[in-house]
There are 2 protein chains.
Amino acid sequence: MTMLPHQITLANDLATAGHRLTAARRRVADLIGARDGHFTAAELLADARARRLKIGRASVFRTLDLLTELNVLERVDLPTGEHAYVACRPAHHHHVICRVCGQVAEVDDAGLDDVAAEMERRTGFEIDTHRLELYGRCPACRTERAR
Amino acid sequence: MTMLPHQITLANDLATAGHRLTAARRRVADLIGARDGHFTAAELLADARARRLKIGRASVFRTLDLLTELNVLERVDLPTGEHAYVACRPAHHHHVICRVCGQVAEVDDAGLDDVAAEMERRTGFEIDTHRLELYGRCPACRTERAR
DNA sequence: GTTTTTGCAAACCATTTGCAGGGTC
DNA sequence: GACCCTGCAAATGGTTTGCAAAAAC
């Protein structure tokens, strides 16, 4: 449930997982670190262009995939249908997403397992995974004028 | 938590919501009714072609959007990243999706609200929506050989 | 008759892939 | 030096759009 800078971690994770620490990857990691909240591949690409960084479209996608595999990035589907990514620690589970500013907070299961168990009981399904995404307004955006 | 035939409903809903009940829409509704579990736009299109029904690609997408707006269809994002649709009642509920056969069961909140409330408390966010998708194996696929 | 829908094809957008050159270990 | 990674541009796959003809009300 915290929002930490991840850029250092990102680069590290790449290196330690037996992947080469290249300029392109470092740039993508920086761009991600410079953002907070969720972001799409397109936004990252735009950021890169804005900063006049030379990164190929494909490399951005490839790096995003790689980081997702390493579990330092997670892909979420926004209610709009867009695919976004959020940086997060490799254990954690669910995301609360601010629909005003895009800020993301992480929360642990907080009893969700029990709910899943209950649903398992009711449906007869054997449930092995679940995805929960919550949307609302972050503390900052809440106070900012009733709106 | 049931799986009912929806085709009749689908057509009805269209008509009563001030939309024209056209051949194309009726065909899409039939195709949806003939499926159980989730399906993608592409699958529906394939079904139509298989049955030699004349429906334009665009009409399928347009009808799908329309039905989604009417809340008789819901769009879910499979873990694979695919977009699928499931027919369902226009109330708040969640889906349990069988990863073997694609069968979908509906469940109501079963205590999720409390979990959400807890997460609200912990993060300071004001949560107004959530999406939960559960994946596993349905009763039928469970019994079908340990696998 | 007016307004909504359709089907088609082209347009679009996001993501992927093949490949030759360049960088990293 | 070997292998991994990059950038590019072209290919792809899914979804949308513009428009004139056709259907619904």
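Analyst: In this predicted model, a polar side-chain atom of Thr22(A) lies 2.9 Å from a phosphate oxygen of DNA strand D. Such a pair is a polar contact, that is, two N or O atoms within 3.5 Å; within protein, one atom must be able to donate a hydrogen and the other to accept it, and residues adjacent in sequence count only if both atoms are side-chain atoms. Phosphate oxygens of DNA strand D are also approached by Ser59(A), through an N or O atom of its side chain at 2.5 Å, and by Gly56(A), through a polar backbone atom at 3.0 Å. The elements that give two or more residues to the surface near DNA strand D are α2 (23-34) and α4 of chain A, together with α4 of chain B. Here helices are DSSP runs of H or I with at least four residues, strands are runs of E with at least two, and both are numbered from the N terminus. The largest share, five residues, comes from α4(B).

Numbering and lettering follow the written order: residues run from 1 along each chain as its sequence is written, chains are lettered from A and ligands numbered from 1. As the model is predicted, local features need pLDDT of at least 70 and side-chain atom pairs count only at pLDDT 80 or more, while totals for chains, interfaces and linings use all residues; side-chain values use heavy atoms, with hydrogens and water left out.

In total, 20 residues surround DNA strand D, and the closest are Thr22(A), Arg25(A), Lys54(A), Ser59(A) and Arg62(A). A residue is near a strand if one of its heavy atoms lies within 4 Å of it. By class, this surface has seven nonpolar, five polar and eight charged residues. Ala, Val, Leu, Ile, Met, Phe, Trp, Tyr, Cys and Pro count as nonpolar, Asp, Glu, Lys and Arg as charged, and the others, Gly among them, as polar. Of the atoms of DNA strand D within 4 Å of the protein, 65% belong to sugar or phosphate and the rest to bases.

The side chain of Ser59(B) instead has an N or O atom 2.6 Å from a phosphate oxygen, and a backbone N or O atom of Leu21(A) lies 3.4 Å from a phosphate oxygen. For DNA strand C, 55% of the atoms within 4 Å of the protein are in sugar or phosphate. α4(A) gives the most to the surface near DNA strand C, with five residues.

The two protein chains also meet each other. The contact (heavy atoms within 4.5 Å) takes 41 residues from chain B and 42 from chain A. About 3700 Å² is buried between them, and carbon and sulfur atoms give 62% of this; buried area is the accessible area (1.4 Å probe) lost when two parts are put together, summed over both. Met119(B), Phe125(B) and Arg131(B) supply 20% of the area that chain B buries against chain A, more than any other three residues. Between the chains there are 10 salt bridges, each a side-chain nitrogen of Lys or Arg within 4 Å of a carboxyl oxygen of Asp or Glu. In one of them, Arg122(B) pairs with Asp108(A), the closest N and O atoms being 2.7 Å apart. On the side of chain B that touches chain A, β5(B) gives the most, with 12 residues. That side divides into 19 nonpolar, 10 polar and 12 charged residues.

Within chain A, the domain assignment gives domain 1 (1-90) and domain 2 (91-147); such bounds come from an automatic or database assignment. Their C-alpha centres lie 22 Å apart, and 16 residues of domain 1 are in contact with 14 of domain 2. The rule finds one salt bridge across this interface: Arg131(A) with Asp77(A), whose closest N and O atoms are 3.2 Å apart. On the side of domain 1 that touches domain 2, β1 (73-77) and β2 (83-87) of chain A are the elements that give two or more residues.
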